[in-house]
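Here is a short report for a first look at this structure. It moves from the single chain to the pair.

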There are 2 protein chains.
Amino acid sequence: MDAASAVNHQHLVFEDGLALECGVTLARMVVAYQSYGTLNAAKSNAILICHALTGDQYVAETHPITGKRGWWDLVVGPGRPIDTDRFFVVCANVLGGCMGSTGPRSPRDGNPEEPWGTDFPPITIRDMVRAQKKLVDALGITRLFAVVGGSMGGMQVLEWAATYPEAVFAAVPIATAAYHSAQNIAFQEVGRQAIFADPDWEGGRYWASGKIPARGLGIARMAAHITYLSEQALTRKFGRRLQGGEGGLSMFGDIFEVESYLQHQGSTFVRRFDANSYLTITRAMDWFDLAADYDGDLSRAFASNPARFCLISFTSDWLFPTAASRAIVHALNHAAANVSFVEITSDKGHDAFLLEEPDFFRTLAGFLAGCAEHAGIGR
Amino acid sequence: MDAASAVNHQHLVFEDGLALECGVTLARMVVAYQSYGTLNAAKSNAILICHALTGDQYVAETHPITGKRGWWDLVVGPGRPIDTDRFFVVCANVLGGCMGSTGPRSPRDGNPEEPWGTDFPPITIRDMVRAQKKLVDALGITRLFAVVGGSMGGMQVLEWAATYPEAVFAAVPIATAAYHSAQNIAFQEVGRQAIFADPDWEGGRYWASGKIPARGLGIARMAAHITYLSEQALTRKFGRRLQGGEGGLSMFGDIFEVESYLQHQGSTFVRRFDANSYLTITRAMDWFDLAADYDGDLSRAFASNPARFCLISFTSDWLFPTAASRAIVHALNHAAANVSFVEITSDKGHDAFLLEEPDFFRTLAGFLAGCAEHAGIGR
């Protein structure tokens, strides 16, 4: 059993399962989640956080596998932009994930020796959101005060607002897009091919041998990681510095610091992430095209939408550039929705939403405070 | 024997070899090259073309392995921007390459059964240029009328001008940079890791089993290919179109057109390119940092340089962005060199220099015509 499977994640079991968009019905569904803060008596102060591709529910606490800080503990906590002294914060591991929610590593027919693996049905962003809706319902929350997420998390926020307009008071899609671009699909395809090419992938049945396709998954992570950073951020971090200072010309080994950094990113990632989950979730992102469900007219996805929207993008994010957020803002304007849009000046690239960015923090805190006042949520 | 080795490329043999920057001396060196047009009596009308990472000497004729058109036949030929009715055009396969010049596939000690493989010494851009200089000398050309190249070819142009200032009348570095950026190193490292991860690479000794690390090299090519295109070009070419029209959700196979295109790019590439050459040449690019050889002051590389320079960049090229060309222009200005700079508006990305771009063609033709007049080269 690998490290991830050995952790007992807090979860709810839905014995009625979930009918997926692909036509398959999961007979039984597990949703693993973490929460922070206290749900008020009116159940009106809940914020759902949607995580990104390689994120999980451990938003603001030590990660049970890596031992690292929560991935958004700069943003979520007492006195933080998402203030857990005021709000009840929930984050669920996405459907298809590998941190406790039903996914490719889950037992197929209740037999823990036989995971779904590559037979796990294809999952969409909407499937992820529908799974989260069951969790939110089970927690007795009729309307979320806010749904917040960056990158693939932002896709879920958009899907939440479109699919459950009455259940979302405020929506904060960050560094995201209403569809995955050809370039983004292409980068993800490189990663998938690297996994497929790894002999330890064994056609997706790697669990049978106890191996993991570590090299392939590591390469996928390396390629993706470059897209999360800006050229400036890479240059500032590494420039052209050589490993171990000056070195002669040689062909092998890590020569530039940026290389060993990326290899480290790849090798630590494979210890916590399941390759089949990576395939499942990247596919969900690729398929995401919210307008396609509304005859190609994104504004129709938000017709008569009562939510307050705040779109946030970052100047140096080339994976989900400002233009992608602006297209969503235009659609929301066209639908006469209540929308603010802030482009944060940052040279940190797509990863900026995970990093220390005071302007971003102020924007998020300010928007939520304003909405909380309208919603009548006390301090 | 693979397809590439079976071709008898036109070449010169230098029995005195070449002392490389790394300290190793190649005892014997072969430089394969093609030429177009006629060298005039004064030997004053020669243009050297420097090819990019995956290019070769077959600039303007059918490729002997792929059967495709020459990679720059839009640019080089009778009446083309580089007019072979007027100029004698030479292009050599780079040192370290796999199309006839000495490289990892060459016999190590004259034994064709034992190629250098991964023991081939590391090569630098300057080594490539010094090999070309021996070819140019052997052809009896004292001064090249022009040295022209894009991408890694542009790096060679810069190195030519810096190393042999008296041998270059005009220099045209296109879509290039004076050093390889951290981001570019990072992308190339992903490709190298994909090759290393392929079990058919066999530690670089794949020739012994007759295999080639096709999956790893194919993934390297896929990843690189994305960086050669702009987001707009990918969107225009593929958008989010699905393979074979509408399809249901499924996990495997090519789902989006962009995926099968990239896989095709990868699989055709491996038939003509040697994996160890790919490693050697990408490393040469990563090491390139012209200013480093001049105490970090790029302008010193061009002190008192008599050449006429024309720098050309493309607006949508994010691999070698305009800013990288502009930095070279600033250094040339600082050195009081004769320099023009043109940024071509294009949405085709880095690959624009290989494609139909009338403004680029006019710029190149105009610059060369002006220089030819100064050089007294008749029509």
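How many helices and strands does chain A have? Chain A has 11 helices and 12 strands. Helices (H or I, at least four residues) and strands (E, at least two) are DSSP runs, numbered from the N terminus.

## Ground rules

The model is predicted: local features need pLDDT of at least 70, side-chain atom pairs count only at pLDDT 80 or more, and totals for chains, interfaces and linings use all residues. Residues are numbered from 1 along each chain as its sequence is written, while chains are lettered from A and ligands numbered from 1 in the order in which they are written.

## Overall size

The C-alpha trace of chain A spans about 65 × 50 × 40 Å along its principal axes.

Chain A has 11 helices and 12 strands. Its radius of gyration is 20 Å, close to the 21 Å that the globule rule gives for 379 residues, so chain A is as compact as a globular protein of that length. The radius is taken over C-alpha atoms, and the rule is 2.2 Å times the number of residues to the power 0.38.

## Two domains

Chain A is assigned two parts: domain 1 (3–181 + 289–375) and domain 2 (184–282). These bounds come from an automatic or database domain assignment. Taken over C-alpha atoms, the centres of domain 1 and domain 2 of chain A are 25 Å apart.

The contact between them takes 28 residues from domain 1 of chain A and 21 residues from domain 2 of chain A. Two residues are in contact if their C-beta atoms, placed from the backbone, lie within 7 Å. On the side of domain 1 of chain A that touches domain 2, 12 residues are nonpolar, 12 polar and four charged. Here Ala, Val, Leu, Ile, Met, Phe, Trp, Tyr, Cys and Pro count as nonpolar, Asp, Glu, Lys and Arg as charged, and the others, Gly among them, as polar.

## The sheet in chain A

Chain A holds an open sheet of eight strands with mixed pairing. The order is β1-β4-β8-β5-β9-β10-β11-β12. Strands pair if DSSP finds at least two bridges between them. At the edges stand β1 (11–14) and β12 (338–344) of chain A, each pairing on one side only. From one strand to the next, the twist averages 20 degrees.

Strands β9 (residues 144–150) and β10 (residues 168–174) of chain A pair in the parallel sense over six bridges. There, Val147(A) has Ala171(A) in β10(A) as its bridge partner. Helix α3 (residues 152–163) of chain A lies across β5 (46–50), β9 and β10 of chain A. This helix runs at about 150 degrees to β10(A). Axes are lines fitted to C-alpha atoms, for helices over the stretch in contact, and angles run from 0 to 180 degrees between N-to-C directions.

## The sheet in chain B

In chain B, seven bridges join strand β11 (residues 308–314) to β12(B), and the two run parallel. Ser313(B) stands opposite Glu343(B) in β12(B).

## How the chains meet

The contact takes 44 residues from chain A and 44 residues from chain B. α4(A) gives the largest share of the side of chain A that touches chain B, 10 residues. That side divides into 24 nonpolar, 10 polar and 10 charged residues.
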